[in-house]
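Colleague: I would like to learn how to read a model like this one, feature by feature. Please take me through it.

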Amino acid sequence: MESTVTEIASDVYRISTFAPDFGIQFNQFLVKDDEPFLMHTGMKGMFALTRDAVASVIEPAQMRWIGFSHFESDECGALNEWLALAPNATAICSFVGAMVSVNDFAIRPPRGLADDETLPLGRKRLRFLATPHVPHCWDAGLIFEETHRTLFCSDLFFQPGQPPPSNNSDLVAPAREAIIAGQSGPLAKDMPYTPYTDATFARLAKLEPQTLAVMHGSSFSGNGKRALHDLGQVIREILGPH
Ligand SMILES: [Fe+2]
Ligand SMILES: [Fe+2]
């Protein structure tokens, strides 16, 4: 396996590794700033690949913040390897994530963020959004880089295979196809439709992101408000009450 690095927004780098065993990409995102930020670590087995890809942009030991949506191996499996490598790095996750998993799992205490809490990186600023069960898991949250309006989407807009770094025409159609195909696969029922789903998508759309940084598949630049609204509708249509 090897990783490719693509700048998808100003100082936002997509580090993409295709895993043939899974048939999907695992994408990490590096934000280069005074306090560098890594969105998801990837699995422990991918640590060296991600580290070497980060090294093409910044010195990996300078990493300051490591964020992720929810406690799963592709989100934070290599967290402890990163904490060991970067002495000033601190994990950021939801308050629930810290209490339920990360306080115990991580070799250093994480910073559990409250809903809507902001974190300055230097020129850019992150905003944490608690999004329970979107894309999945109680502890789920999403992170919005509000200076250049990049939403780190975690598993939202999942597309299998090896699509290009960016798809600026339509991300919703392939995501819809993937949700439908996933319903009959061994990993079905990954995304629940809950009493919070519609309100969460409405809130995400209101952020009006210019870039959607997607963990599995292409990222997107364009009308993020429309894309999030439409994905919310698709999820309601496929998974909501009938
Ligand atoms: Fe996930
Ligand atoms: Fe994922």
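Modeller: We will go through the metal sites, then a strand, then the pockets. Keep in mind that the model is predicted.

Colleague: Is glutamate 72 buried or partly exposed, and what about histidine 136?

Modeller: Glutamate 72 has 27% relative accessibility and counts as partly exposed. Histidine 136, at 10%, counts as buried.

Colleague: Which residue coordinates both iron ions?

Modeller: Aspartate 155 coordinates both, and the two ions are 3.9 Å apart. The protein donors of the iron ion (ligand 2) are Asp74 (OD), Asp155 (OD), Met215 (SD) and His216 (NE2), which lie 2.1 to 2.5 Å from that ion. The four donor atoms of ligand 2 subtend angles of 87 to 172 degrees, which makes this arrangement irregular. Aspartate 74 lies in helix α2 and histidine 216 in the loop between β12 (211-213) and β13 (220-221), so the pair ties together parts 142 residues apart in sequence. Aspartate 74 and histidine 216 are buried.

Colleague: How many residues of β10 are buried?

Modeller: In a regular strand the side chains alternate between the two faces of the sheet. In β10, five of the five residues are buried, so the strand is largely enclosed by the rest of the structure. Gly141, Ile143 and Glu145 are on one side, Leu142 and Phe144 on the other, and both faces are covered.

Colleague: Which strands does β10 pair with?

Modeller: β9 and β10 pair in the antiparallel sense over five bridges, with phenylalanine 128 opposite isoleucine 143. Three bridges join β10 to β11 (residues 150-152), also antiparallel. There isoleucine 143 stands opposite phenylalanine 152. The hairpin of β10 and β11 has four residues between the strands, and in it arginine 149 takes a positive phi near 60 degrees.

Colleague: How much space lies in the largest pocket?

Modeller: Rolling a probe the size of a water molecule over the atoms shows where empty space is left. The largest pocket holds about 750 Å³. It is lined by 25 residues, and the closest to its centre are Ile24, His136, Phe158, Leu187 and Asp190. α5 gives the most to this lining, with four residues. By class, the lining has 14 nonpolar, six polar and five charged residues.

Colleague: Which strand gives the most to the lining of the second largest pocket?

Modeller: Strand β2 (residues 12-19) does, with three residues. About 160 Å³ of space lies in this second largest pocket, and its lining has six nonpolar, four polar and two charged residues.

Note on methods
Residues are numbered from 1 along each chain as its sequence is written. Chains are lettered from A and ligands numbered from 1 in the order in which they are written. This is a predicted model: local features need pLDDT of at least 70, side-chain atom pairs count only at pLDDT 80 or more; totals for chains, interfaces and linings use all residues. Side-chain values use heavy atoms; hydrogens and water are left out. Donors are N, O and S atoms within 2.8 Å of the metal (3.2 Å for Na, K and Ca); water is not among the atoms, so sites may look incomplete. Buried means under 20% relative accessible area, exposed over 50%, partly exposed in between (1.4 Å probe, protein chains only). On a 1 Å grid over the protein atoms alone, a cavity is a set of points where a 1.4 Å probe fits but cannot get out, and a pocket is an open set with protein on both sides within 12 Å along at least five of seven lines; lining residues have an atom within 4 Å of a point. Grid points are joined across faces, edges and corners, and a volume is the space filled by probe spheres set on the points. Helices (H or I, at least four residues) and strands (E, at least two) are DSSP runs, numbered from the N terminus. Ala, Val, Leu, Ile, Met, Phe, Trp, Tyr, Cys and Pro count as nonpolar, Asp, Glu, Lys and Arg as charged, and the others, Gly among them, as polar. Two strands pair if DSSP finds at least two bridges between them. Four donors count as tetrahedral if all angles lie between 85 and 135 degrees; four count as square planar and six as octahedral if opposite donors are over 155 degrees apart and all others between 65 and 115; anything else is irregular.
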